[in-house]
Amino acid sequence: MDTVGKFIFGGISCMVAATVTNPIDVMKVRLQLQGELGTVGKKYKGFTQGIYKVASEEGVLALYKGLLPSLLREGSYSTIRMGLYEPVKDLLHPHSDKPISLGKKILAGAVAGAVGSAIANPTDLIKVRMQAEIGHSEKRYASTMDAFSSIYKSEGLAGLYRGVGPTTKRAMILTASQLPAYDHSKHWLLRTGLFGEGTLLHIVSSMIAGLVCATTTSPIDLVKSRYMNQTFIDGKGVYYQSTWDCFKKTVKSEGIMALYKGWFPNWMRIGPHTIVTFVVFEQLRKLAGIKPV
């Protein structure tokens with residue numbers, strides 16, 4: 001029952017976090033797509049101004065574009081990655097009486113993230129495309145179900161798995177940095193004696209994990225967003241033939257630092273997302289009588 005609870009509580013905690021941070025995620029995607037391949041003109045001058053501009057021009061609800069596919073994604077992808085982390089970690093380290101190395105924690109996170117994201121790729125693809133829609137006259141899809149249907153009809157089943165490579169790589173990097181960073185920093189802080197098990201420890205550990213995670217995932221996140229958002233004709237992308245092609249063209253036309261476009265909103269999203277996720281996760285485990293992470 002404990003194992004099932006870890007899966008269920010992991011999914012619920014990430015769905016709560018996704019709801020809280022969706023406006024930041026919308027802004028992150030739009031900043032990542034802005035100035036793509038050196039196109040002239042910037043609609044958004046920064047994160048705060050961008051949030052205000054989207055809300056004033058498109059309405060506050062525009063900040064919640066892509067929420068349903070985001071929840072579907074968290075309910076599948078995050079349920080798997082959060083639930084798998086500890087079983088994989090235990091498999092890699094059967095001797096529970098000895099401390100587990102950081103390397104094994106990172107490997108466990110990478111495996112859990114890869115499995116979860118590969119399965120849930122269609123929800124991530126639709127989330128990105130819906131969040132990228134600007135204004136009311138440029139809607140590609142009428143609803144989440146329309147997006148699933150339209151993509152399947154026009155691009156086939158393979159169309160729903162556009163960008164599965166960078167999505168899986170991002171998930172491996174994200175889970176391999178987020179969960180081990182939280183796990184490792186939490187137990188290190190406990191050993192210092194400065195913190196006891198509780199909400200304050202969970203928040204501080206989550207802040208550390210969020211910073212690590214945002215920095216490691218930003219480049220692959222940008223490539224993923226751009227590759228997924230482009231139009232595909234006869235199975236071929238209009239701008240990028242592959243994610244590697246997207247990486248090369250981005251660096252060539254915009255410079256290496258373009259890979260960190262949207263880093264701040266990425267951190268602003270991952271930071272609170274990580275805090276909400278682990279605080280809710282730990283509290284649900286406590287209520288169910290499951291030991292803390």
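**Surface patch and salt bridges**

Val16 has a relative accessible area of 35%, so Val16 is partly exposed. This is a predicted model. Val16 sits in helix H1, which covers residues 2–33. Together with Val4, Ile8, Ile12 and Val20, Val16 forms a nonpolar patch on the surface, and the accessible area of these residues together is about 370 Å².

The second topic is charge. Side chains of opposite charge can pair when their charged atoms come close. In this model the count of salt bridges comes to 25.

One of them joins Asp183 and Lys89, whose closest N and O atoms are 2.8 Å apart. This pair links distant parts of the chain: Asp183 belongs to helix H6 (residues 164–192) and Lys89 to helix H3 (residues 67–92), 94 residues apart. Buried or exposed: how does Asp183 count? Asp183 has 1% relative accessibility and therefore counts as buried. Lys89, at 11% relative accessibility, also counts as buried.

Glu254 and Arg226 form another salt bridge, 2.6 Å from N to O. Here too distant parts of the chain are linked, with Glu254 in helix H8 (residues 243–254) and Arg226 in helix H7 (residues 199–229), 28 residues apart. Arg226 is buried, because its relative accessible area is 0%. Glu254 counts as partly exposed, because its relative accessibility is 21% and buried means under 20%.

Glu155 and Arg162 also meet in a salt bridge, at 3.1 Å from N to O, and both residues are buried.

Notes
Residues are numbered from 1 along each chain as its sequence is written. This is a predicted model: local features need pLDDT of at least 70, side-chain atom pairs count only at pLDDT 80 or more; totals for chains, interfaces and linings use all residues. Side-chain values use heavy atoms; hydrogens and water are left out. Patches are made of residues with over 30% relative accessible area and no salt bridge: like charges are joined within 9 Å, nonpolar side chains (Val, Leu, Ile, Met, Phe, Trp, Tyr) within 5 Å. Accessible areas come from the Shrake-Rupley method with a 1.4 Å probe; for residues, only the protein chains shown count as cover. A salt bridge is a side-chain nitrogen of Lys or Arg within 4 Å of a carboxyl oxygen of Asp or Glu. Helices (H or I, at least four residues) and strands (E, at least two) are DSSP runs, numbered from the N terminus. Buried means under 20% relative accessible area, exposed over 50%, partly exposed in between (1.4 Å probe, protein chains only).
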